[in-house]
Amino acid sequence: MAGEPPAGGGTATPPVGSTGRASFAAAWASRVAGTSYVPMSRAQFENLLAALTDRLADALVAEPFTPRPAYAVGCALVDAHFTDTESLARTVAVLGDELAARLSIPADEQVRSRISMLQGALAAGHSKTLRERALAEQQEIVQAALIARSQAERLLRTSEIRFHTVFAEAALGILIADPSGRILDANHALLTMLGYRLGELARLDISDILHLDQGPEAWEPYVELLRGDRENIKVDKPLFQRDGSLLWTHLTMSLIRDDDGRRHRVVAMFEDVTDRHLLETRLRYLATHDPLTQLANRRLFLDRLESLFTTDPFDDDAADGPGDARLGLCFLDLDGFKVFNDSFGHDMGDRLLVEIAGRLDKCVSSEGHLVARLGGDEFVILIANSTGREQVVALAERALTALVPPVWIGEHELSVSASIGIVERQVAGTNPADVLRAADITLYWAKAEGKSRWAFFDPVRNAREIARYSLCTAMPAALARDEFFVNYQPVVRLTDGAVLGVEALVRWRHPRAGLLGPDQFLGLAEETGLILSLGRWLLRTGCEQLRRWQERFPDADMFVSLHVGSRQSRDPRLVDDITQILDETGLAPDRLQLELTRTALVDGGEEPLRMLGTLSGKGIRIALGDFGPGHANLACLRGLPAHTLKIDRGFVDGLVAPGSTEVDAQIVAALVSLAHALGLSVTAEGVETAAQAARLRGLGCDNGQGRFLGPAGPAEQITWLLSSRGAGAGAA
Amino acid sequence: VERPSWAPQDIDLNQPSIARVYDYYLGGFHNFAADRAVVEKALQILPESPLIAQANRAFLDRAVRHCLDAGITQFLDIGSGIPTVGNVHEVAQQADPGVRVVYVDIDPVAVSHSRAILAGNAAATVIQADLHEPEQILKDPGLLRLLDLDKPVALLMVAVLHFVPDAADPAGVIDRYRRALPAGSFLVVSHASEEGLAKDRLDAFRALYDRAVAPLTFRSQKEVEALFGGFELVSPGVVSMGQWRPDPPGPIDDWPPSQYGYAGVGRSHGR
């Protein structure tokens, strides 16, 4: 195909009609833009088409002509991802319509023929490459699909194999059921656990082997799972074995759903925990029971007691509120068990406790109450939901009755008794510690009231005892803190009003209770033994005070009178203490008067009398109080080393009171004459009025003390009295 | 044995897949008859839909280049589909061979195909996972072999979030990714929108996808912006795909398909 070579033909020269080429490339680009997705920028895209335009333009004018470059351009278009047939169609069109014109080449027949051939070659190249590409990509995607599918199948197979391995070989019992609970499959471990063959089990329902007769709340989670309301259950459950015996298992049950979320299977896994369960049961028993008597121990008792105070929000029975619930407690302690133990030995003691425990258990447990041994010979009966005082008292009485028949241990026939403290009250408003404390106190009352009996908790008595208790515990510290102080009351001679002495009276300025009189704390001090140190303190204080008065008023020949309690009167240190204090203060013994009551002397035995003799022998004055004709053996006064008889205010009150009889006056007269006959002077207490003073004087009474004659007051009051009045001389 | 959320599952080649349908839109042949049939139906409803796919692909290309210019060397492409024409690793590794790319898709065939393509490419990999499980994806050993999560990562969620319904909380899912990535990481999003489309065509298109491919959730510009919580949008913000930093720069043609979706790139403030 000969023809004119393109003008300026030659590789070194710029292509013919470069302006035309660019114009064609632009037209081409605008025609094919958007027909295919081409992963390049607009500039890259245009560069590509410009390069391809060059190849087509060169081919159009090349000599000899060959359409082959157009074939390559078709391939290049596909390579650049002009894969859409629309891209090809438009390319072919723009080639035919515009190439010659844009290049300013006359479209003669030869040119038109060449362009047709270029179009054909380009279309062939495009189609061939597109076809190859399509086949390649199809192959890729098919391959990918095959690989993906085989991988998925392998995974599925692997997971199935894994599952079957786990299912068959597991030590856990595994069961598969349909969503209604019908058993479909079970593994070897479960069949062994239960003693079934698979065929037998597959006819059953899960509920047949679960021990579900424990009430609706045991069923509930299982029913919820089958219903689809929960996904799994974990619980310790007993299973029925084929022979009907129970097997304890830890059960995990799961609901399996299919891809659409529908209930598909129920899978249950059972771990045999019978051994663990037995061990736990045993350990729990050991931890909560007394090994000697097999009764509940303190811990179990406390747990039960505390559980009465925690209301279960899920318990419908508690709907009426904890406010109405009551509880009862019997705190029982054997009488004299320590003595029994000491004399018969601990072995016998233990055997006795076992017997007692058995009897208590028999008479209480059948009613569902808890009997526990708290330790030693202490037992407790807990009555949950008690119906009232009557029920608990009746129970206590039955318990006491049960202990009445003699206990035989070996050849020994033993009689035992017990005391019981009873508490019965509403649960609301109290707490376990309070209940226990109350029971403990009440048991103490029962013991104090003579044993072998029950006592019922009395809140008023308790409050009183608590108050006393708090005074008792406060007393030693009070003594150290100087909360005690002494008032002095003049003892006056009735004939002339001379002050013969003072009675020292102890008072307690309690920081919270205020001013307390001796009747409010001396009894307690007596009980606790603090009276000894308090008495010593009073003795020293009184003597030192008298010494100061003697120094200031040498003419005032007074004595100081002090009360000595019964415990003090038996204190072997009393004589030494007094001697020492007299030495230290330099007081003459006859300036000290000790007042003792009839009770201290008569009930105290030999010791107080002997001591009284010793003190009297040293010259110390002794006054006797609390004597009256109604209850005293006045004859006993005869041998006593006393100096003064004190007449109680009770007789003095009756002397001139409205409606008084002459009986009191006769008694006073009799006492005065008796005392005088025995060589004792008489001092009347509680002289409140001038009339009383006059009457006493008339009856021959020597001395008096009381508000009329001089009220009790601080030492300064006596000091003032002495400095203003002067003192009488000599003893009464 | 806990099975992965995606496996084993039936691979049904008669069921169109998002990845292969998209490939067909782009003129690829990595698809099967069922995929092509869906596209043919879609074309009857929305003849310009291939152009939307192209515009989206072009946005991806520009966004990747933007991230590269910002110094990103790690890409995590979630919902990558079939990474054939214009794929991220080729664009990125052309610019810098050291760039590392991790593709994630749930479609086992797409993943298998990606794996074949990436064989021999040590700087790119693919993992099969569910985009709703960021924690699983971010601790995948394949991912951790390539990506250093202490350095910024470009998280690509291109043409995928419209397959995440509101009920699955797409913003929450994105936030879980964000918390795992350091400050300076990027989020690239493109998203189908119904603006500019006639309602009848839109409904028919959506019905086709719901039935044949996967349910679609179109979102407005505001809603797409809301997906960028914790990210600072780079200029020009969330705009229609074609308007996002067009190449060449300047006003673009009033070319409807580019308006059919929104796109944006955000930079993370950090964890």
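Tutor: First a definition: Ala, Val, Leu, Ile, Met, Phe, Trp, Tyr, Cys and Pro count as nonpolar, Asp, Glu, Lys and Arg as charged, and the others, Gly among them, as polar. This is a predicted model, where local features need pLDDT of at least 70, side-chain atom pairs count only at pLDDT 80 or more, and totals for chains, interfaces and linings use all residues. Residues are numbered from 1 along each chain, chains are lettered from A in the order in which they are written, and side-chain values use heavy atoms, without hydrogens and water.

Student: How do the residues lining the largest cavity divide into nonpolar, polar and charged?
Tutor: A cavity is a set of points on a 1 Å grid over the protein atoms alone where a 1.4 Å probe fits but cannot get out, and lining residues have an atom within 4 Å of a point. The largest cavity is lined by 14 residues, with Gly535(A) and Arg536(A) among those nearest its centre. They divide into 8 nonpolar, 3 polar and 3 charged.

Student: Which element supplies the largest share of that lining?
Tutor: Helices (H or I, at least four residues) and strands (E, at least two) are DSSP runs, numbered from the N terminus. In chain A, α18 (531-552), β16 (559-563) and α20 (574-585) each supply at least two residues of the lining of the largest cavity. The largest share, 5 residues, comes from α18(A).

Student: And how much space lies in the second largest cavity?
Tutor: Its lining of 12 residues has Val491(A) and Phe559(A) among those nearest the centre, and it divides into 3 nonpolar, 6 polar and 3 charged. A volume here is the space filled by probe spheres set on the points, with grid points joined across faces, edges and corners. For the second largest cavity that is about 60 Å³.

Student: Is Leu118(A) buried or exposed?
Tutor: Leu118(A) is found in helix α5 (residues 109-169) of chain A. Contact means heavy atoms within 4.5 Å, and beyond four places in sequence Leu118(A) is in contact with residues including Leu56(A), Phe65(A) and Leu95(A). Its relative accessible area is 0%, and under 20% counts as buried, over 50% as exposed and in between as partly exposed (1.4 Å probe, protein chains only). So Leu118(A) is buried.

Student: Which residue's backbone oxygen lies 3.2 Å from a polar side-chain atom of Gln93(B)?
Tutor: Gln93(B) is found in helix α4 (residues 88-95) of chain B, and is buried at 16% relative accessible area. Among the residues Gln93(B) touches, not counting those up to four places away in sequence, are Asn121(B) and Val99(B). The backbone oxygen at 3.2 Å belongs to Val99(B).

Technical notes:
Polar contact = N/O pair within 3.5 Å; in protein donor to acceptor, adjacent residues only side chain to side chain. 1 Å grid on protein atoms, 1.4 Å probe; cavity = no way out; pocket = protein on both sides within 12 Å on 5 of 7 lines; lining within 4 Å.
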